[in-house]
Structure formats: structure tokens, C-alpha cells
Amino acid sequence: MYGIKATTDLSFLKGKTLCQVCFGPYDLQLNFAEGTRISVESTVGYGAADGTYAKRVIGKGPGMSEVLEDTGFLLRLLMKEVADVHWTAEGTMTLTFTGGSRLQLYDDSQQFESYNVGNAGQLIVV
């Protein structure tokens, strides 16, 4: 819905370790070391190191599914460090973890926030 402003810098995510994955019926919380967190209520894509890719839609409504349908891909990221982060003005953020797995967050809701990132008192809403 909001995209990511050109002046936004998400490089603070590099080097952060994913310590906790929390699931709600229609949301996903990713908690990193040192208090950084990402709250997701949109589509999440997962790319494994072997090149396979899957998308899961998180939310409530037609065509959406509860996040609890398939969580295994997220659990494989626990205690992995973010090796790289990329983002586009359209709102797609890609986190590449040690070992080569990728997590993509999409800004694909026309009505609501798709995800937000909190770090050191700063909140970035997408």
C-alpha cells in the first residue's frame, strides 16, 4: 500500500540474527537480536538455498490463508543471520540469510499495511 520511500535505509538489518518467529492467525512476527522486529500481514515468499521457491499469503479475506498452514520454511531461518537486505520502492523487501535462504515480504495490500519494521525507536510502515 505505502511502498518504501527512496530515503529509507534498511541496511541495519544486515548482521541481525533471527531469534524468534511468532505466529498469529493472520499475522507473522519476526524478532531479531537487539530488539529489531518485523510484523507481517501480507504475502511472504521463501527461497531455499537449493533454488526452490514458495509464496504464502497471510491475512484474512478471499484468497488469503492463515499463516499456520505451513510454517516449516520460517523455522529453518531461526538463529540465522541476515547476510544481505534489498528493497524496492514498490515495497518488496528481500532478506538473504546465511546459508543462502531468502525471505521476501511484499507490499500487496491495497487497503492495509503489509508489514512494518521496528528498530531502535524507529518504525517503518509499508
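In which sense do E3 and strand E9 pair, and over how many bridges? E3 and strand E9 (residues 115-119) are antiparallel and share 4 bridges, where strands are DSSP runs of at least two residues, numbered from the N terminus, and pairing requires at least two DSSP bridges between two strands. The model is predicted, with local features requiring pLDDT of at least 70 and side-chain atom pairs pLDDT 80 or more, while totals for chains, interfaces and linings use all residues. Residues are numbered from 1 along each chain as its sequence is written, and side-chain values use heavy atoms, leaving out hydrogens and water.

Both strands belong to an open, antiparallel sheet of 5 strands in the order E1-E2-E3-E9-E10. E1 and strand E10 (122-125) are the edge strands with a single partner strand each, so one side of each has no neighbour in the sheet.

E2 and E3 run antiparallel and are joined by 4 bridges. Leucine 28 lies opposite valine 40 in E3, and leucine 30 has isoleucine 38 of E3 as its bridge partner. Valine 40 is also the bridge partner of tyrosine 115 in E9. The E2-E3 hairpin has 4 residues between its strands, and glutamate 34 in the turn has a positive phi of about 65 degrees.

Aspartate 27 is located in the loop between strand E1 (18-23) and strand E2 (28-32). Aspartate 27 is buried and has no salt bridge; arginine 37, the nearest side chain of opposite charge, is 9.3 Å away. Buried denotes under 20% relative accessible area (1.4 Å probe, protein chains only), opposite charge sets Lys and Arg as positive against Asp and Glu as negative, with His and the chain ends not counted, and a salt bridge places a side-chain nitrogen of Lys or Arg within 4 Å of a carboxyl oxygen of Asp or Glu.

Notes:
Buried means under 20% relative accessible area, exposed over 50%, partly exposed in between (1.4 Å probe, protein chains only).
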